[in-house]
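Please consult the sequence and the model as the questions proceed.

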Amino acid sequence: MDNSTLKSQEMRKLAPELDPLRIGTGWRPEDLDKPQILIESTFGDSHPGSGHLDLLVEEVRKGIEQAGGRGARFFCTDICDGESQGTDGINFSLASREMIANMIEIHASATPFDAGVYLASCDKGMPANLMGLARVNIPAVVVPGGTMNAGPEMLTLEQLGMYSAKFQRGEIDEEKLNWAKCNACPSCGACSFIGTASTMQIMAEALGLALPGSALMPATSPDLLNYAKKAGERAVQMALEPGMCPADLVTEASFENAILVHAAISGSTNCLLHIPALAHEFGIELTGDTFDRLHRNARYLLNIRPAGKWPAECFYYAGGVPAVMEEIREHLHLDAKTVTGKTLGENLDELKKNGFYARCEKWLEEFNKRYHVSLTKTDIIRPYDDPIGVDGSIAILKGNLAPEGAVIKHTACPKEMFKAVLRARPFDSEEECLDAVLKHNVQKGDAVFIRYEGPKASGMPEMFYTSEAISSDSELGKSIALITDGRFSGASTGPVIGHCSPEAADGGPIALVEEGDLIEIDVTERKLNIIGVDGVRKTPEEIEEILTVRRENWKPRPHKYQKGVLRLFSQHAASPMKGAYLE
């Protein structure tokens with residue numbers, strides 16, 4: 001093994017203290033000559049998605065050692081959106097993505113490494129690690145941390161918002177609510193639905209940065225341990241191969257592949273924050289318009305919650321990302337490079353030959369026995385010629401209310417709300433809005449606005465409880481819309497429109513909406529407009545004059561946060577439709 005050109009060996013010559021300090025950390029003298037591999041993870045006791053990653057880290061270390069390298073563990077724990085949901089803690093969520101990416105940059109840049117393995121499972125940890133590895137740009141392999149098992153009755157965590165709303169309305173008792181709380185998270189791993197955590201694990205593989213077939217496996221599966229070990233081995237190999245840095249592999253074609261997979265799985269709307277922010281790290285400009293273009297006429301195939309029927313562990317049993325890609329194969333850039341050193345097309349062909357799908361099928365048989373069902377692969381991943389939908393899963397709406405765009409997951413939206421004219425009910429915080437919804441002070445035909453919740457105003461928290469309160473209400477769920485410059489959980493369903501840009505804190509039109517304005521929503525035509533005032537329709541020219549006057553009278557609010565992380569985030573965050581990265 002010729003290590004003479006490795007960065008770590010060059011740095012040893014420049015910093016004589018490096019060797020003794022690593023020996024003091026537990027390295028053997030003979031380890032110093034080996035390829036030095038950064039193992040970066042979000043391990044910690046913060047939530048189920050990160051609590052098990054130390055086990056995977058150890059398997060990565062074994063793989064690195066067996067391949068002739070030396071691994072070094074670094075940790076930057078992520079937070080849990082679910083644990084901070086409904087509190088001011090959720091305001092720190094999106095900002096944490098930037099801080100984790102910053103720490104990865106610091107870890108990898110302050111000391112020499114020849115390659116990296118990055119382990120994460122959840123909403124901000126996974127995109128943060130992707131952004132960090134792009135910024136560091138040493139050969140890198142991602143190990144997705146997998147998904148938790150479903151609970152009894154196939155209970156999964158995204159259903160808890162429904163149980164909570166029903167309890168507050170008196171529809172279920174506290175005993176039933178507590179049952180749901182005690183059984184919704186029966187194991188480690190990301191929440192068992194296609195939320196942001198699951199989506200971003202899938203995106204890591206779709207981009208070619210994780211080993212084929214490794215995304216969103218059950219976190220309790222022995223197969224995941226094997227993948228972690230293989231990732232360690234592969235990192236050492238990549239360190240010695242030319243042209244294997246992330247910037248050598250990831251191109252605009254890679255992102256198009258990922259977005260087409262996003263359409264096929266009905267992925268989280270939060271991807272419209274994370275994928276553009278990641279592309280920005282690679283010097284590639286992606287916007288909501290890119291998603292909208294690729295989702296149009298794309299086949300939506302995945303029958304997994306929240307838009308579908310089955311828990312997320314079934315995704316792997318049906319063949320995972322490779323099975324989805326096989327269904328949409330003719331639309332993919334099969335020549336895209338990947339961490340295996342082979343193209344995407346070559347990886348897919350190899351999986352057919354090496355027994356991957358047979359192993360998945362055996363796990364599906366075990367699932368069927370456990371829950372007394374008889375699922376087949378096509379119940380979970382529909383064939384291309386028999387899709388669930390034919391227009392992707394998200395749409396970007398634009399108009400005088402959202403000149404830069406707003407996002408809706410139309411696969412989770414009632415058809416009644418695809419084309420509607422509603423009366424505006426603006427609120428300047430989620431707390432006010434949620435209180436009004438739960439007390440039935442919101443009526444059929446209302447367009448409920450929650451504003452000043454964008455990245456510059458409050459960190460861009462999720463409007464999860466309000467969206468669940470609306471979608472779980474048999475009357476309101478099909479007769480009102482929720483519009484915000486904040487964002488939604490990947491588990492959110494119903495008539496919800498987020499990321500409205502420019503945000504209210506920047507004086508975007510959402511800040512100018514007044515009670516009784518008429519709001520036009522047209523998902524098919526991609527429209528989101530103010531078309532009337534006080535319940536009376538106006539011409540576009542009249543609306544523009546009215547908004548001009550309102551804009552002149554509008555006064556920006558002082559920053560909500562005057563110190564710390566959220567002050568920095570509010571001062572430097574880009575537009576939601578650009579990814580809300582720090583400019």
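Q: What makes K362 and K369 of α18 "exposed" residues, and which face carries them?
A: A residue is called exposed over 50% relative accessible area, buried under 20%, and partly exposed in between, with a 1.4 Å probe and protein chains only. K362 and K369 are exposed, and they sit on the face of α18 turned away from its buried side. This is a predicted model, in which local features need pLDDT of at least 70 and side-chain atom pairs count only at pLDDT 80 or more, while totals for chains, interfaces and linings use all residues. Residues are numbered from 1 along each chain as its sequence is written, and side-chain values use heavy atoms, with hydrogens and water left out.

Q: Which residues of α18 are buried, and why can they be said to line one face?
A: The buried residues are F356, C360, L364, F367, N368 and Y371. Viewed down the helix axis, they fall within an arc of 115 degrees, so they line one face of α18. The arc is that of the directions from the helix axis to the C-beta atoms.

Q: What covers the buried residues of α18?
A: The covering elements include α10 (222-239), α15 (313-317), α16 (320-327), α17 (344-353) and α19 (377-380). Contact here means heavy atoms within 4.5 Å.

Q: Why is R551 called partly exposed?
A: R551 has 35% relative accessibility, and therefore counts as partly exposed. R551 belongs to helix α23 (residues 540-553). Leaving aside residues up to four places away in sequence, R551 touches G507, P509, L512 and E544. With G507 the separation is 44 residues in sequence and 7.5 Å in space, C-alpha to C-alpha.

Q: What makes β1 and β2 a pair?
A: Two strands pair if DSSP finds at least two bridges between them. β1 (residues 36-41) and β2 have six bridges and pair in the parallel sense. Q36 has R70 as its bridge partner in β2, and S41 stands opposite F75 in that strand. β1 and β3 also run parallel, joined by five bridges, with I37 opposite A115 in β3.

Q: In what order do the four strands of the open sheet stand, and why do β2 and β4 count as edges?
A: The order is β2-β1-β3-β4, with parallel pairing. β2 (70-75) and β4 (140-144) each have a single partner strand, so one side of each is left without a neighbour in the sheet.

Q: What makes β1 "mostly covered"?
A: Six of its six residues are buried. Q36, L38 and E40 lie on one side and I37, I39 and S41 on the other, so that both faces of β1 are covered.

Q: How is the hand of the unit made by β1, α3 and β2 described?
A: The unit is a right-handed β-α-β unit. A crossover is right-handed if, with the strands pointing away from the viewer, the path from the first strand over the helix to the second runs clockwise.

Conventions
Helices (H or I, at least four residues) and strands (E, at least two) are DSSP runs, numbered from the N terminus.
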